[in-house]
Amino acid sequence: MADEPTPGIPDAPGPAPEQARYARVLDVSTKAGFVALVAGFIAYMLGWLETHVPVEDLPRVWGLPLAEYVARTDTPTGWGWVAHLHKGEFAGLAGIAALAGCSAICVAAILPAYLRRGDRIYAILCALLILILLLAGSGILTGGH
């Protein structure tokens with residue numbers, strides 16, 4: 001009975017096709033990112049992956065200032081972690097990166113719909129948003145840090 005329309009109340013329109021596509025892509029990409037995050041964490045916690053910093057050394061380096069920690073442990077900075085995804089501490093970062101990239105993936109998924117429809121303003125805005133997100137994630141705009 002819940003599927004029957006209420007008398008006197010018009011049916012609410014569904015979402016626009018691009019909104020529905022955005023939502024579907026967001027649903028799939030966030031679930032994939034979450035699975036990657038949890039899988040990386042579990043693999044690290046169960047010792048299935050080698051570690052970059054031996055667990056027994058962690059108490060000695062935890063309290064160090066960042067620069068000293070990076071120097072003592074030879075921990076990569078910036079996007080250097082990607083080369084270390086086979087190590088436990090870095091495996092979970094793949095899930096974090098996937099979750100951080102969900103917005104760009106979703107916008108990229110709806111861009112063709114705007115292009116097909118000839119909706120140039122929305123297509124340009126989508127393209128600019130994707131470029132801004134990629135630029136922000138690239139590390140180029142670090143402000144000297």
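Which helix holds Val25? Keep that in mind while you load the chain. The model is predicted.

**Whole chain**

Start with the cartoon view. Six helices and zero strands make up the secondary structure. Read from the N terminus, the order of elements is α-α-α-α-α-α. The radius of gyration is 22 Å, well over the 15 Å that the globule rule gives for 145 residues, so the chain is more spread out than a compact globule. The C-alpha atoms then fill a box of roughly 70 × 40 × 25 Å.

Switch to a surface. Colour by burial next. Of the 145 residues, 23% count as buried. Residues 24 or more positions apart account for 57% of them.

**Helix 1**

Select residues 17-45, which form helix 1. Here is the answer to the opening question: Val25 is in helix 1. Check the length of this helix. At 1.5 Å a residue, its 29 residues should span 42 Å, and the end C-alpha atoms are 42 Å apart, so the two values agree.

Which residues of helix 1 are buried? Select Glu18, Val25, Ser29, Gly33, Gly40 and Ala43. An α-helix has 3.6 residues a turn, so residues three or four places apart point the same way. Look at the spacing of your selection with that in mind. Then bring up the cover. Helix 4 (88-100) and helix 5 (102-117) are among the elements that cover these buried residues.

Zoom in on Val25 and show its side chain. Leaving aside neighbours within four places in sequence, Val25 is in contact with Ile105, Cys106 and Ala109.

Is Ala20 buried or partly exposed? Its relative accessible area is 21%, so Ala20 counts as partly exposed; the buried class needs a value under 20%. Draw a distance to Ile110. The pair is 90 residues apart in sequence, yet 9.5 Å apart from C-alpha to C-alpha.

Just after helix 1 sits Gly47, with a positive phi of about 75 degrees.

Select Asp74. Where does Asp74 lie? It is in the loop between helix 3 (66-73) and helix 4. Check the backbone here. Asp74 has a positive phi of about 55 degrees, although it is not a glycine. Asp74 has a relative accessibility of 59%, so it counts as exposed.

**Helix 6**

Finish with residues 120-138, which are helix 6. Pick out Ile124, which is found in this helix. Its relative accessibility is 49%, so Ile124 counts as partly exposed; a residue is exposed when the value is over 50%. Last, draw a distance from Ile124 to Leu111. They are 13 residues apart along the chain, and their C-alpha atoms are separated by 8.7 Å.

Conventions:
Residues are numbered from 1 along each chain as its sequence is written. This is a predicted model: local features need pLDDT of at least 70, side-chain atom pairs count only at pLDDT 80 or more; totals for chains, interfaces and linings use all residues. Side-chain values use heavy atoms; hydrogens and water are left out. Helices (H or I, at least four residues) and strands (E, at least two) are DSSP runs, numbered from the N terminus. The radius of gyration is taken over C-alpha atoms; the globule rule is 2.2 Å times the number of residues to the power 0.38. Buried means under 20% relative accessible area, exposed over 50%, partly exposed in between (1.4 Å probe, protein chains only). Contact means heavy atoms within 4.5 Å. The expected span of a helix is 1.5 Å times one less than its number of residues.
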